[in-house]
Structure formats: C-alpha cells, structure tokens
Amino acid sequence: MPFFASPPNHALEKRTEFPHVCVHELNPNDPVVPVMIDDFAKPLPRRKSVGVMVGNVMVGGDAPVVVQSMTNTDTADADATVAQVSALARAGSEIVRITVDRPEAAAQVPRIRERLDRLGVDVPLVGDFHYIGHKLLADYPDCASALAKYRINPGNVGFKAKRDTQFSQIIEIALKYDKPVRIGVNWGSLDQELLTKLMDENAESASPVSAAAVMREAIIQSGILSAERAEALGMGRDRIILSAKVSQVQDLIAVYADLARRCDYALHLGLTEAGMGSKGIVSSAASMGILLQQGIGDTIRVSLTPEPGGDRTREVQVAQELLQVMGFRAFVPVVAACPGCGRTTSTVFQELASDIEDHIRVSMPKWREDYPGVESLNVAVMGCIVNGPGESKHADIGISLPGTGETPSAPVFVDGEKVTTLRGPGIAGEFKKMVLDYIEKRYGTGSKSSSDAA
Ligand code: SF4
C-alpha cells in the first residue's frame, strides 16, 4: 500500500446508502420528484474514539465534544495566569492549557493549581511543552503532578538522536504520574526528517503526489507514529489524544478526515493561526464545522488572535457557539434576531436583542446553578410584522417589534401563544422583565421542569 493510501472511512461510505443523486447528473427535463430525507438534516454518526480522562473531564468515547482554550499570560506570572484561567473557566472552558516554557514557569504551576483550587476553579490544566519539556517535568515534579495532561509537539521535542530519548522521557514521566498526553503536531514545526524522507519517497514513486499531499501525510504520520511509540513505551490508548493542526481550512479538513479513519485515538480539533476577528472565527467555524458534521472531533479549541487588550474568553464563546448552532451541545440561551432591513428604521429591536444577549451572557454563571436547563431557552427579537410573529411563535418567548409605519405595538408570544401586546416607550424594559419571569417560572426552584428533574 503506498504511504498515502488509507483504510476506508465507513462513516463516509454509510452516507452513500441514502438515496442520493448528484446535482451534476440531474436532467432539467426530468420531472421533479420531491423527497423529504431526514438524514441530511443531521451530522454523520460520531466517529468512535477511545475516551481519555483529562483530570475530571472525559475527552472522546461517548462524551460530548469538549471546549478548551489556552492562556496567553506568562505562566511565571501566577497572578495573571490564575486570573485568566479563572476567566476562561467561568466563560465555559472545560480544559485550559498553559505554556510551560522555562523553569520559572514550571515552578509556578503547582502554586497556580493550588490557588485555583482555593478559588473553587477545578478546571484541568494542561502543560504546553516544547524543546525542554523532558527536563522541566523531571526537574519540577510538583509541576508534573499538578498538571492534568502534557502536550508534546513531536516536531520539536528534540532533534536527531535526542528526539526519541527526550520523547521517551516525557512519556515515562506521564506514566509515573498517571497523566494523559496530547501528541500535538503543528505544520509550522513539523518533523523535518520525516518530511524529507516522505518527499524523497514520493520523488522516487512511479505516481508521485503533490508536495501539499506529502506535507499532509507527514503531519498525519508524525502524529500516529509518535502515538504508537508512546504505546510501545507502555502508555494506554486511553491516555493519548492526537491533534494535527494546520492553518488552511481545506488542509485541515483533509488532514483530519484522513487521520480520523486511520486511528481511533481521541482527536483535538483546531485550526492553528486562525487569525484575528471575523477571519479567525469564520475559518475556524468553516473547517471545524465540516469535520464535526462528519462525526470527527472530540475536543475543540478556537485559536483566535485577540485584539490588543482584547478579551481572551472570546475563543471560548466562539467554540461554544459553534457547537450550539450545529446542535451538538447547548451552553447559553439563544437569542434569534432578524438582521433588520428597510422595513424598520428604528434601532429598538437591535438594542433590545443586544441588551438581552449581554444580560444572558453575564448572568449565565449564576443561572446555570439557579436555573438548570436554561441553556436550551430560545428568545426571538424581531424587527417587524413580516417574519416577527412567525419567528416569535417558534421561540420559547418572542417579541415582534413595530416596523416603520406599523401600529406602535409589539405582540409577545410565549410557548407559541400570543400572551400580550406591549405598547409605549417601555416596551424594551417590559419584555426584558417578561423574559426573566419566564426563566424563573420555567427553570427556577419549584418550576415543573425542576420538579421533573429532581
Ligand atoms: S422581520 Fe421585518 S425588519 Fe426584520 S428583516 Fe424581516 S422584514 Fe426586515
């Protein structure tokens, strides 16, 4: 089998069992036969992976896709790192990675862990090691013990003869402290010896593939060979997570689709160097969304470059929103708002939608405790009568605000029924209060759903 050939992906093959006609085969003269197929409205079955416990969080197996993030503080600055880890955990990050790049950072890790524990922040910490991880873990046993997982980059764990020795040393320490590892390949620091070997093989092949295909193969092999080496050293498959990050959307999809069918290790998805602002969000959502739809991915990180002074928790919010809009998990109530158009020149509905969304996000840490299940709430804030009543009826609670020239009244719908019509300058405040009352009634202590859940 040539190095780039892979075993079949049964999940993808299964899709072809559905009635399927390629659009290119359609004849415009054929009669159109309408068919309604449920199967296209949901993701493919989740790829089966071996579950890995990272601290108290399961990644892979039957666990839901886990959201994780990484700090950008200097780990040697314990105050800043504790503050940022706490903020990321409060925002919903279920695992947080911190850089451990030098002795001063390694020395602070156990203190950071202790302080987080005192604050009641039990999020597992992952140590990100490059070049001297073997030495830092050996020299700082309290650091090795405090971390819930070690991230190893096989491309820079060491060079030439030292590479295997230093990789083995990290695995042996992980075994000693009973910690899982993530073998995290990154195309920016790819094992150059492996890449050169595959390039040479490809050049001599009777049917050579493109340099990009060889690069992708090197990324995949680097991860799988390293994982197999860890297994040979005694590490169980239930202690190994793999990632293979690249910075281009199509490459990421190709790499993970191939990786997913060649192993059953739990997979950490992430587009590296995704970029700033909307570009980073769109690139991450496009690539990871397609993979998640194919059932691939056990934990995700959205690597956004924050604006100077920007909020690091944005990457957690985006990861949660990606999983929520695709229907995999629910984290926060959804506020559906119309985009607005020439039918409403008022900014009331935009302000109300934004006000409610902000209020929900700020309140969620407490609401999660006080109102179990509130994350599945749907609120609609619509700008005029065209789609307003229809969309509002589909939400748990919705309001249709008056567009330009419409009667200045705003019908409110609760559980599909119109319950009142708000009028006058206090519409926004009154609707906000109705949303809070609805949450209290439906999810608060003594509500029907609470007693059902008890
Ligand atoms: S609901 Fe009304 S205001 Fe909103 S986008 Fe549709 S037509 Fe425009």
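## Accessibility and the pair in helix H3

A residue counts as buried when its relative accessible area is under 20%, as exposed when it is over 50%, and as partly exposed in between. The structure discussed here is a predicted model. Arg 113 has a relative accessible area of 11% and is therefore buried. Its salt-bridge partner is Asp 117, with 3.1 Å from N to O. Asp 117 has a relative accessibility of 45%, so this residue is partly exposed.

Both residues belong to helix H3, which covers residues 103–118. Arg 113 and Asp 117 are four residues apart there, or about one turn of the helix.

## Other salt bridges

The count of salt bridges comes to 29. One of them joins Asp 251 and Arg 216, whose closest N and O atoms are 3.1 Å apart.

Asp 370 and Lys 366 form a salt bridge in which the closest N and O atoms are 2.6 Å apart. Helix H12 (residues 348–370) holds both partners, four residues apart, about one turn of the helix. Asp 370 has a relative accessible area of 29% and is partly exposed, whereas Lys 366, at 53% relative accessibility, counts as exposed.

## Aromatic pairs

A pair of aromatic rings is described by the distance of the centres and the angle of the planes. Two such pairs are found in a search of the whole structure. In the pair of Phe 129 and Tyr 150, the ring centres are 6.0 Å apart and the planes stand at 90 degrees, so the arrangement is edge-to-face. Phe 129 lies in strand E5 (residues 125–129) and Tyr 150 in strand E6 (residues 149–152); the pair therefore ties together parts that are 21 residues apart in sequence. Phe 129 and Tyr 150 are both buried.

The pair of Trp 367 and Tyr 371 has ring centres 6.2 Å apart and planes at 75 degrees, so this pair is edge-to-face as well. Trp 367 is buried, with a relative accessible area of 9%. Tyr 371, at 13% relative accessibility, also counts as buried.

## A charge over a ring

Arg 237 places its charged end over the ring of Tyr 265. The distance to the centre of that ring is 4.6 Å.

## Surroundings of the ligand

The residues around the ligand include three cysteines, Cys 338, Cys 341 and Cys 384. Pro 339, Gly 340, Arg 343 and Thr 344 also surround the ligand, as do Gly 383, Val 386 and Asn 387. By class, the shell divides into five nonpolar residues, four polar residues and one charged residue. Arg 343 is the charged member, because Asp, Glu, Lys and Arg count as charged.

Terms used
Residues are numbered from 1 along each chain as its sequence is written. This is a predicted model: local features need pLDDT of at least 70, side-chain atom pairs count only at pLDDT 80 or more; totals for chains, interfaces and linings use all residues. Side-chain values use heavy atoms; hydrogens and water are left out. A residue is near a molecule or strand if one of its heavy atoms lies within 4 Å of it. A salt bridge is a side-chain nitrogen of Lys or Arg within 4 Å of a carboxyl oxygen of Asp or Glu. Helices (H or I, at least four residues) and strands (E, at least two) are DSSP runs, numbered from the N terminus. Buried means under 20% relative accessible area, exposed over 50%, partly exposed in between (1.4 Å probe, protein chains only). Rings of Phe, Tyr and Trp (its six-membered ring) pair if their centres lie within 6.5 Å; planes under 30 degrees apart count as stacked, over 60 as edge-to-face and the rest as tilted. A charge sits over a ring if NZ of Lys or CZ of Arg is within 6 Å of the ring centre and within 35 degrees of the ring normal.
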